[in-house]
Amino acid sequence: MGLSGESTPTSQQQQLRSPAAGSRKLPRSPSVVQRLTVVIKLGTSSICDEKTLRPRLSTLSMMVETIFNLRQAGHAVVLVTSGAVGVGLQRMNLDRRPKHLAQVQALAAVGQGRLMALYDDLFGRFDIPVAQVLITKENMAERAQYLNACNTLRELLQMGVVPIVNENDTISNAEIRFGDNDTLSAITAGMVGADYLFLCTDVECLYTDNPRVNPDAKPVRLVKDLAALKARVSVATPGSSLGTGGMVTKLIAAELATAAGCAMVITLGSEPRRISQFLEDAATAAADDDFEPRVGTLFVAQAKPMVDRRRWILHGLAAHGAVYVDAGAAAAIAAGADTDGRSSSLFAAGVVGVSGSFGAHQNVRILTVVREPRGGDEGEGEGAGEEEEAGWRRRDAAIAADDPRDWDGAHDDDAAAGRRWGGRVVELARGLAEYAAADLHRIRGCRSDEIAERLGYVASDAVVHRSNLAVVPGAQALLAESGGVVWVRRPRKSARAA
C-alpha cells in the first residue's frame, strides 16, 4: 500500500481480471477464452415466491448450475444476494413484510442463516465452496475496512471460492429502507474489478415505460449514454412486495458500475442461463463496439474508469457537510468528469458558503446552485450582462453573510437550499476537506495567499486537493444544460481595466 492509502494489486489479484479489462471492450477473439470476473446480483423476487414465500428452488438451482458452468469456462464469479427477509418471513410463518424496522431486522437475522444453508447445499452438489460476506455502508466508509473487504473478496476468488455477498440487514438501516442491494452489487463489482455485473430481476430488460401497464413500452437493448436514457425512459416503478428496489435503483447501479469500468446487464432472474448466452454472444461479437444483445439490456462501461480511491470517496464515505461554490469553481471541478475524474483542486476563492459541522479531512459534498435553462435567445446581449452583474451581487452578498448559521442544514435539504438561493442545487463532487467548517467559513472567497492572515496558519493552499476529490459522473452535462450558476465571480479590476 502506498502513502496515499491505495492498495497495489498483487500478481494474483491481477490474474482475476481479463486481459481486456483495461480497455473495457468486448473480447477481441472468440477463439481465445479470456478469464472474466463476473458479479451476479439475484433479487428477492427471484429467490422467494411473492405469494407463498417459499424459495424458488428451480431458479436457485439453475443459477448455481450457471455459476458452475461459468467457473468451468475459467471465469471468476461473485454472487450478491437478497432474500434474507423473505426467507425469514417464511420461517416465521408470516404473510407480509412488517413495517417496524426492528422487526424487519429480526427477520433478516432469522432468514440469513437459512439462506446461506440453502446456498451451501446447492453449491455443495457441484463441490463448490462458498463464503458469506456481510457488508454495511459503514464498512465502506472506513478506508481500512474497505481495503480489507477488497482483499478478502479477491483472495476468496483466488482460492476458488464463490463469495456470497449481502447487506448486513440486522444492523444496517440503509438497505432495508432504500433497497440498496443493487447499489451494493455495483460497489462489489468495483471492489473486485469485475468485467460484467448482471442484475437478475423480474423483468426481461429495461423498457421505455412499465410494460405491465403500458403495452406500447419498447425494450432498450443497448445504453451508451445514461443521461440521454433518463430523458426518454420512465422508471418510476416500485419493486416487488418482498424486495425494496425498483428500476430506479438499477439505473443508479449502472452509473456506479460503468464509472468503475464494468459493463452492466439487466436480465431475467428466472432464466439464469441467459447470462451464459450473453457472454457467448459478446465473445462472438469480437471487435464490434456496437454489439447489441439479443436478451437483456447492456450498459456499456466508461472508456476511462474512475480510479478506486475516487470511487471510495464518492460512494463509500458519508458526507458530513457541504461546500457551495461559484460558477468558476464549478466549471473547473466539473471539467474533471472528462479527464479520468482528475479535477482541479478547489480553492477558497471559489467557495461561497459552508454548511454543516465537519472537521478537517472529513468528506463533504461540493455543491452549486444553477438557474433553470431559458428557451430561445433570451439572456443574450444586454440581458446577459445584467444577469452577470446580478450574479456578482449575489456572490458578494452570500460571502458577506458572517453568520455560519445562515447555511446550516442546507446540505440536508437540496430542494430547500435551491429555493432559498433562487435555483436548483447540483452536486458536482465529493472530497476530503483540508479545513474544518468553522475555518473554511472564515476563508471563503479569499485568495490562497490571504489564508494565513485570516486563520494564523495554512494547512493547504487548496480547500479540497485534487487527489482527494471525486467528480460526480455527468456533472459537466448538468452545468451545460442549466441556465448558469447563480453565483458569478467578479473579475479583478486589473482584468476589467484591460
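In the predicted model, Met-92, Leu-94 and Val-110 form a nonpolar surface patch of about 230 Å² (patch residues have over 30% relative accessible area and no salt bridge, nonpolar side chains being joined within 5 Å; areas are from the Shrake-Rupley method with a 1.4 Å probe; a salt bridge is a side-chain nitrogen of Lys or Arg within 4 Å of a carboxyl oxygen of Asp or Glu). Val-110 lies in helix 5 (residues 101-124) and is partly exposed, at a relative accessible area of 33%. Buried denotes under 20% relative accessible area, exposed over 50%, and partly exposed the range in between. Helices (H or I, at least four residues) and strands (E, at least two) are DSSP runs.

Residues are numbered from 1 along each chain. Local features need pLDDT of at least 70, side-chain atom pairs count only at pLDDT 80 or more, and side-chain values use heavy atoms.

Strand 4 (residues 162-167) is largely enclosed by the rest of the structure, because 6 of its 6 residues are buried. Val-162, Ile-164 and Asn-166 cover one side, and Pro-163, Val-165 and Glu-167 the other. Strand 4 pairs in parallel with strand 2 (residues 76-81) over 2 bridges (pairing requires at least two DSSP bridges), with Leu-79 opposite Ile-164. Strand 3 (residues 130-135) also runs parallel to strand 4, joined by 6 bridges; Ile-135 is the bridge partner of Glu-167.

In helix 11 (residues 247-259), 10 of the 13 residues are buried, so this helix is largely enclosed as well. The buried residues include Met-247, Lys-250 and Leu-256.

Definitions and conventions. Patches are made of residues with over 30% relative accessible area and no salt bridge: like charges are joined within 9 Å, nonpolar side chains (Val, Leu, Ile, Met, Phe, Trp, Tyr) within 5 Å. Buried means under 20% relative accessible area, exposed over 50%, partly exposed in between (1.4 Å probe, protein chains only).
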